[in-house]
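Hi there,

Here is the structure I promised to pass on to you. Have a look at it first, and then read on for what turned up.

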Amino acid sequence: MKQTRVAIYARVSGNGQNPEMQIKELQAYCRNRGWKITGEYVDRISGASDSRPELNRLMADANRRRFDVVAVWKFDRFARSVSHLLRALETFRTLGIGFFSLSENVDLSTPTGKMVFTVLASVSELERSLIGERVRAGPRNAKSKGTRLGRPPLKSLTVEEVRHLRRERRRSKTSFKDLAAKYGISVWSAFELCKKARA
């Protein structure tokens, strides 16, 4: 029977912390399961950091099918957020790679593990929906209070002001930006008014 190949991932925040305890506990667990450790990936970096060299290397090796299971000491040692965890787990599932978290005792190849994945996915979906609803509710609330949304309305120029604006552009070659600032209109409006004069 083919021996299961496992990759161990550990992370500490870097300020003098030692990943040894995480690694030893994962090694002991893997030995008890009869798994062969084919790689140890250890990041000494804050969990909020976007760049984790060892995690990036682990994901690259996963795509090369260098192991069958990823073992971590705890979910929060592996992922920055629920959505990050779900993306990684989805990648592993697509590649046929298992995932095990020692502290939570969650093995995603088991029915219980699959249920945990489904619950996490549902929580993440709910979180996205709530954020979207809050974003949509903001403008509705502002409108109900009579707050005007968007840019303030641009000034409407009189016929005389339009004539002066065009004359300045024609005689002094004043920039559209300066004309816009002087007459309280957008640069595009200044350009359009001068263009219409040439048409």
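Helices (H or I, at least four residues) and strands (E, at least two) are DSSP runs, numbered from the N terminus. At 12% relative accessibility, Asp107 counts as buried (buried means under 20% relative accessible area, exposed over 50%, partly exposed in between, with a 1.4 Å probe and protein chains only). Leaving aside neighbours within four places in sequence, Asp107 is in contact (heavy atoms within 4.5 Å) with Arg33, Phe99, Phe100 and Gly113.

Before going further, please keep in mind that this is a predicted model, where local features need pLDDT of at least 70, side-chain atom pairs count only at pLDDT 80 or more, and totals for chains, interfaces and linings use all residues. Residues are numbered from 1 along each chain as its sequence is written, and side-chain values use heavy atoms, with hydrogens and water left out.

Now the sheet. Strands of a sheet pair through backbone hydrogen bonds, either parallel or antiparallel. Here, five strands make an open sheet with mixed pairing, in the order 2-1-3-4-5 (two strands pair if DSSP finds at least two bridges between them). Strand 2 (36-44) and strand 5 (106-107) are at the edges with a single partner strand each, so one side of each has no neighbour in the sheet. Strand 3 (residues 69-72) and strand 4 (residues 98-101) run parallel and are joined by four bridges; Ala71, for instance, has Phe100 as its bridge partner in strand 4. Helix 1 (residues 20-33) lies across strands 1, 2, 3, 4 and 5, and runs at about 165 degrees to strand 1 (5-12). For that angle, axes are lines fitted to C-alpha atoms, for helices over the stretch in contact, and angles run from 0 to 180 degrees between N-to-C directions.

Next come the aromatic rings. Rings of Phe, Tyr and Trp (its six-membered ring) pair if their centres lie within 6.5 Å; planes under 30 degrees apart count as stacked, over 60 as edge-to-face and the rest as tilted. This rule gives 11 aromatic pairs. One of them is Tyr9 with Phe78, an edge-to-face pair at 5.7 Å centre to centre and 90 degrees between the planes. Tyr9 belongs to strand 1 and Phe78 to helix 3 (residues 75-78), so the pair ties together parts that are 69 residues apart in sequence. Both residues, Tyr9 and Phe78, are buried, with Phe78 at 0% relative accessibility. Tyr9, Phe75, Phe78, Phe92 and Phe99 form one aromatic cluster.

Another edge-to-face pair is Tyr41 with Phe67, at 6.3 Å centre to centre and 75 degrees between the planes. Tyr41 is buried at 4% relative accessibility, and Phe67 is buried at 2%.

Which of its residues are buried? They are Phe176, Leu179, Ala180 and Tyr183. Seen down the helix axis, they fall within an arc of 100 degrees, so they line one face of helix 7 (the arc is that of the directions from the helix axis to the C-beta atoms). Lys177, Ala181 and Lys182 are exposed on the other side. Just after helix 7, Gly184 has a positive phi of about 70 degrees.

Enjoy exploring!

Best wishes
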